[in-house]
Amino acid sequence: MTAGPTEIWLIIVLLGIGTFALRFSFLGLLGDRPLPGWAQKLLRYTPVAVFPGLVAPLVVWPAATGGTFDPPRVLAAAATIGVAVVTRNLLAAILAGAGTLYFGLWLL
Amino acid sequence: MAVSTTKSAYGQGIAQGLPFVLVIVPFGLLFGVVGTEAGLNLAEVMGFSVLVIAGAAQFTAVQLMTDNAPIVLILAASLTVNLRMAMYSASLVPHLGRATLWQRALVAYMNVDQLFAASSARYEQTPDEPLRDKLAFFFGVATPILPLWYGSTFGGATLGATVPPAFALDFALPITFLAMVGPLLRTLPHVAAAIVSASLALAFAWMPAGVGLLIAAAAACVTGAAVETWMEARG
């Protein structure tokens, strides 16, 4: 990370303000006005639109191996998503992923 | 009489909030560890958890800071993750919209996913409850959740510097995000959006840090909405 203290705090404070603004928006200022249907539709997909894109490069080209493809990490990612889809349990999925990663790193 | 029901609404809130401790504490610990590993000091890590209190957005920001993305893109991606909170805000209006400005501001500051889930479920079951009881319930749920979020972040941050590289903590963040995505893949539009997001992020990985992700996320949102519209039209 090349960001200095000023930049880091700028990010923290602006992200804090922005997040509060989103949480306060309707409750605080806009009142009882329904969002238009198309906006609700787009907003529904924001988490599932951001997380996979954020994670995919970290799985395929992990920084810890200098960006080379690493089978234990790919297997761990697959185990995590598999358990998460089947059990819908955050902790179970994290434990499955971590377990697979450590087993894979030890084995391979 | 009114006082005692308000008290019990607060107590019921605490009881509803306690199970979330199992999610909040590991997540907070992990943020503390990941933030410290990324090079943030204790005050900066705590600044995130106290001023932002939105774990997923905090992880997003830290990852993009590690990639040395420009501030504008870091903020854009992290706030996109938080856009759902505008929906939460809208759906609380019928229940808490008549609270004082300060109470609404406090509710807004505290309204993390788990608090919203517990409160909105309660408000749907008992919509005619008095406002003070609804607020008491909300602050009851917050009572175990928020201090433990701050505390576990602090714990993770003090622990983070001492974890050896053999623990491969670089991968804690991807695993956490994938674990969060899994339960969201309920419908075809969600799955389509996730696939578009991951593939475009990989295809655009050559772009400056953060740019590819934003394009991928925008395309994925449109994909999800389009597939949903298509399925509605098909019936």
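1. How far apart are the end C-alpha atoms over residues 76-105 of chain A, and what percentage of that stretch is helix? The ends lie 10 Å apart, and the stretch is 93% helix and 0% strand. Helices here are DSSP runs of H or I with at least four residues, strands are E runs of at least two, and both are numbered from the N terminus.

2. Conventions. This is a predicted model, in which local features need pLDDT of at least 70 and side-chain atom pairs count only at pLDDT 80 or more, while totals for chains, interfaces and linings use all residues. Residues are numbered from 1 along each chain as its sequence is written, and chains are lettered from A and ligands numbered from 1 in the order in which they are written.

3. Confidence. pLDDT is the predictor's confidence in each residue, from 0 to 100. Chain B has a mean pLDDT of 89, with 98% of its residues at 70 or more. Where pLDDT is low, the predicted coordinates should not be read in detail. For the complex, the predictor gives an ipTM of 0.84 and a pTM of 0.79.

4. Fold of chain A. Chain A holds 5 helices and 0 strands. The order along the sequence is α-α-α-α-α. The UniProt record, an unreviewed entry, annotates "transmembrane region" at residues 6-30, 42-64 and 76-105 of chain A. Such positions are given in the numbering used here, feature names are shortened, and annotations may be inferred rather than shown by experiment. Residues 6-30 of chain A are 100% helix and 0% strand, with end C-alpha atoms 33 Å apart.

5. Shape of chain A. Along the principal axes, the C-alpha atoms of chain A fill a box of roughly 55 × 40 × 25 Å. Chain A is split into domain 1 (1-33) and domain 2 (40-107), with bounds from an automatic or database domain assignment. The C-alpha centres of these two domains of chain A are 27 Å apart.

6. The A-B contact. Chain B supplies 80 residues and chain A 65. Two residues are in contact if their C-beta atoms, placed from the backbone, lie within 7 Å. On the chain B side, helix H6 (residues 84-96) gives the most, with 11 residues. By class, that side of chain B has 58 nonpolar, 17 polar and 5 charged residues. Ala, Val, Leu, Ile, Met, Phe, Trp, Tyr, Cys and Pro count as nonpolar, Asp, Glu, Lys and Arg as charged, and the others, Gly among them, as polar.

7. Domains of chain B. The assignment gives domain 1 (2-166) and domain 2 (185-234). Their C-alpha centres lie 26 Å apart. In chain B, 10 residues of domain 1 contact 6 residues of domain 2. Helix H5 (residues 71-82) of chain B gives the most to the domain 1 side, with 5 residues.

8. One residue in chain B. B:Val62 sits in helix H4 (residues 55-66) of chain B. B:Val62 is buried, with 26 other C-beta atoms within 10 Å; the cut-off for buried is 20 or more, with C-beta atoms placed from the backbone. Leaving out residues up to four places away in sequence, B:Val62 touches B:Val34, B:Gly35 and B:Ala38.

Technical notes
A residue is buried if 20 or more other C-beta atoms lie within 10 Å of its own, exposed if 12 or fewer, and partly exposed in between; C-beta atoms are placed from the backbone.
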